Amino acid sequence: MCIRDRSRLVRVTLRLTSMHAVKFRVRCIMARFDLQYPIRLDELALNNPAIASYEPESFCGCIVSVRGRLPWSSITQGVVTSTTNELAGGTPFLVSCSIYTSGKVTMTGAHSVREVEAAYRLLVPLIAPHARKQR
């Protein structure tokens, strides 16, 4: 469905006859993925208390805040080349990740696909040591 059809659907639904164009802006991107292995959330939260919060009484997932910087070079090339936090320049980002014991992850708060990729590259090495062994 193209944008023109979607804007027409909005106009018809809201009964707006004088509206001719709708401008869309991406404010937040949500991404989901599955790591294909279960995670020990209690250990993840204990080993990373500055960035992880796990309270099973109130929410079944562990919330991890991933902070980083997109280097300037990645913005011009379209590829994230480095995701270290020690970079002097670049665009800072903050992505909130909900990690579940099944290994499924939901990322919210990214403003671009590059931020999702950078957060993924920072998050997976944090999660990998806490994988539950399969029987």
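Does N48 count as buried or exposed, and at what relative accessibility? In this model, which is predicted, N48 has a relative accessibility of 17% and therefore counts as buried, since the cut-off for that word is under 20% relative accessible area. If its neighbours within four places in sequence are left aside, N48 is in contact with L126 and H130.

A second residue to look for is R132, whose place is in the segment after α4 (113–127). R132 counts as partly exposed because its relative accessibility is 39%, a value that falls between the limits of under 20% for buried and over 50% for exposed. Again leaving aside the neighbours within four places in sequence, R132 is in contact with P38, I39, R40 and T101. One of these, R40, is 92 residues away from R132 along the chain, and yet the C-alpha atoms of R132 and R40 are separated by 6.0 Å.

From here the reader can turn to the strands. Strand β5 (residues 104–110) runs antiparallel to strand β1 (residues 29–34), and five bridges join the two; within the structure, D34 stands opposite K104 in β5. Strand β5 also pairs in the antiparallel sense with strand β4 (residues 91–99), this time over four bridges, and S98 stands opposite T106 in β5. Together β4 and β5 form a hairpin with four residues between them, and in the turn G103 has a positive phi of about 100°.

Conventions. Residues numbered from 1 in each chain as written. Predicted model: local features only at pLDDT ≥ 70, side-chain atom pairs only at ≥ 80, totals over all residues. Heavy atoms only, no water. Buried < 20%, exposed > 50% of the residue type's maximum accessible area, 1.4 Å probe, protein only. Contact = heavy atoms within 4.5 Å. Pairing = 2+ DSSP bridges.
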